[in-house]
Amino acid sequence: MKKNALPELAVIGGGASGLAAAVFAAKMARGKIRITVYEANPRIGKKLLVTGNGRCNFSNLNMDSSHFNGDAVLAENALKLFSTNDTLEFFKDGGVFYRADNAGRIYPLSNQASSVLDFFREETLLSGVYIETQFPVTEISVKNGGFLINGCKTADAVIVACGGKAAPVHGSNGEFFSVLKKLGISVTPLYPALTPICIDGFTKALKGIRAEGTITIRQGGKTIASDRGELQFTEYGISGIPAMQVSGKTATVLSEKTPVFAYVDCAPSVSAEELREFILRSLNTRPEKPAEMLLSGIMPKRLSVYLLAELSFKPDKPIKTINPGAVDKIIAAVKNKKYKISGIKGFADAQVTSGGVPASELNANTLELKKIKNMFVCGEAVNVDGECGGYNLQWAWSSAYTAADAAVKELLYAQNK
């Protein structure tokens with residue numbers, strides 16, 4: 001650190017966590033630190049504009065570490081420092097009001113992600129944060145207790161907010177992890193998360209069907225993950241929030257030799273016994289009813305026709321042709337349909353990255369690298385990923401606050417020594 005000069009803080013990445021870290025640091029430092037954001041894209045916050053289908057679901061009222069995968073203890077610590085309530089006050093102070101839906105998902109009142117990005121643009125400007133775009137950071141070296149970036153920029157502290165590999169079209173391609181590895185920092189394997197699931201030999205006959213259901217991932221008799229909600233059937237497999245919720249954990253076991261299967265319950269609100277009673281009653285009281293109508297009051301007709309056809313029941317034949325002994329097979333098809341998983345959609349279709357810098361490399365309370373003093377990591381670059389519903393953006397804010405708070409304290413302490 002140069003004597004009598006302002007300490008310099010470099011933030012690598014102008015996405016959600018990077019912009020938040022820069023704004024937090026500026027507010028904490030009150031002009032006593034020079035803060036620069038280095039962004040590879042021509043504009044900051046590109047990925048923010050597409051979050052929440054363009055509406056930016058930026059937090060959730062039901063926030064705790066149980067909604068996170070990976071090193072969830074890091075999320076637990078960060079949420080204690082900067083909670084959902086802190087997030088709401090932070091945005092409200094900047095003029096962004098919010099609304100919460102029935103599931104607790106929080107959106108800007110404008111219902112537009114651009115409101116959140118505009119907020120950060122204004123805050124960085126008012127806080128005196130410098131922004132350098134079209135500046136991909138490809139090298140960082142430790143020099144005389146500080147840092148040299150790309151051989152031409154200096155910093156006394158660095159906050160790594162480079163994102164992961166998900167949605168590379170929006171700028172997060174994972175290339176910065178190679179920079180960290182050159183510095184001796186380990187990175188866990190990276191997988192796409194919050195992405196659709198591909199089914200081996202899946203039929204296009206189900207394409208476009210949406211239905212309430214539960215998807216459970218199993219391998220070798222062990223349940224890997226499960227979630228319930230609206231499933232969306234595609235030409236390649238299963239999408240929708242429940243499928244995306246379990247995709248990250250699915251990805252981590254797909255590389256193993258044991259096959260992985262998805263079991264789908266297409267009538268989760270009806271028990272097997274209730275379904276049995278319903279079917280038997282129809283067989284007894286409506287024997288002339290066409291088979292295609294047997295389950296149409298429980299699920300989308302196209303889905304019920306497909307499930308019955310899979311069991312060799314002809315949809316145009318009356319249900320009296322169905323042997324009562326086959327009822328168990330129908331129940332199994334409705335409540336426990338088995339699909340072999342061939343993979344998940346890649347990073348291009350993923351919303352977030354599973355994996356990153358692990359907790360073993362970080363101080364759990366500050367997110368500072370144990371091996372490199374005054375270098376911090378936050379956001380998607382850390383081995384923490386959340387469920388759909390605003391959890392990943394809350395992690396971005398909470399981890400950014402944690403890193404910014406620690407970095408500013410370190411720099412101001414060194415300045416005043």
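The buried residues of helix H2 pack against strand E4 (68–70), strand E21 (384–386) and helix H10 (391–416). Helices (H or I, at least four residues) and strands (E, at least two) are DSSP runs, numbered from the N terminus. Helix H2 itself spans residues 72–81, and its buried residues are Ala72, Leu74, Ala75, Asn77, Ala78 and Leu79. Here buried means under 20% relative accessible area, exposed means over 50%, and partly exposed lies in between (1.4 Å probe, protein chains only).

The model is predicted: local features need pLDDT of at least 70, and side-chain atom pairs count only at pLDDT 80 or more, whereas totals for chains, interfaces and linings use all residues. Residues are numbered from 1 along each chain as its sequence is written, and side-chain values use heavy atoms, with hydrogens and water left out.

**The chain as a whole**

The protein chain has 417 residues, of which 52% count as buried. Its secondary structure comes to 10 helices and 21 strands. Taken along the principal axes, the C-alpha atoms fill a box of roughly 90 × 45 × 35 Å. Among the contacts in the chain with a separation of 6 or more, 76% are between residues 24 or more positions apart; contact means heavy atoms within 4.5 Å.

The accessible surface of the chain comes to about 18,600 Å², and 48% of this surface belongs to carbon and sulfur atoms. Accessible areas come from the Shrake-Rupley method with a 1.4 Å probe, and for residues only the protein chains shown count as cover. The chain carries 48 positive and 39 negative side chains, and the centres of the two sets lie 3 Å apart. In this count Lys and Arg are positive and Asp and Glu are negative, while His and the chain ends are not counted. The place of a charge is taken as NZ of Lys, CZ of Arg, CG of Asp or CD of Glu.

**Paired strands**

Two strands pair if DSSP finds at least two bridges between them.

| Strand | Partner strand | Bridges | Residues standing opposite |
|---|---|---|---|
| E3 (residues 59–60) | E6 (residues 105–108) | 2 bridges | Ser59 and Ile106 |
| E8 (residues 140–143) | E9 (residues 146–149) | 4 bridges | Ser141 and Leu148 |

E5 and E6 form a hairpin with 4 residues between them, and Gly104 in the turn has a positive phi of about 90 degrees. The hairpin of E8 and E9 has 2 residues between the strands, and Asn144 there takes a positive phi near 50 degrees.

**Helix H8 and Val305**

Helix H8 covers residues 301–310 and includes Val305. Leu303, Ser304, Tyr306, Leu307 and Leu308 of H8 are buried. What covers these buried residues includes strand E14 (210–219), strand E15 (222–233), helix H9 (327–335) and strand E18 (337–344). Leaving aside neighbours within four places in sequence, Val305 is in contact with Glu292 and Pro315. The C-alpha atoms of Val305 and Leu295, which are 10 residues apart along the chain, are separated by 8.2 Å. After H8 comes Ser312, whose phi is positive, near 70 degrees.

Asn284 has its place in helix H7 (residues 272–285). This residue counts as exposed because its relative accessibility is 65%. The C-alpha atoms of Asn284 and Lys320 are separated by 8.2 Å, although the two residues are 36 residues apart along the chain.

Ser354 lies in strand E19 (residues 352–354). Ser354 has a relative accessible area of 10%, and therefore counts as buried. Its contacts, leaving aside neighbours within four places in sequence, are with Pro189, Leu190, Tyr191, Ala193 and Asp385.

**Cysteines**

The structure holds 0 disulfides, a disulfide being a pair of cysteine sulfur atoms within 2.5 Å. Cys56 is in no disulfide, and the nearest cysteine sulfur, that of Cys388, is 14 Å away. With a relative accessible area of 0%, Cys56 is buried. Cys152 is likewise in no disulfide; the nearest cysteine sulfur to Cys152 belongs to Cys162 and is 18 Å away.
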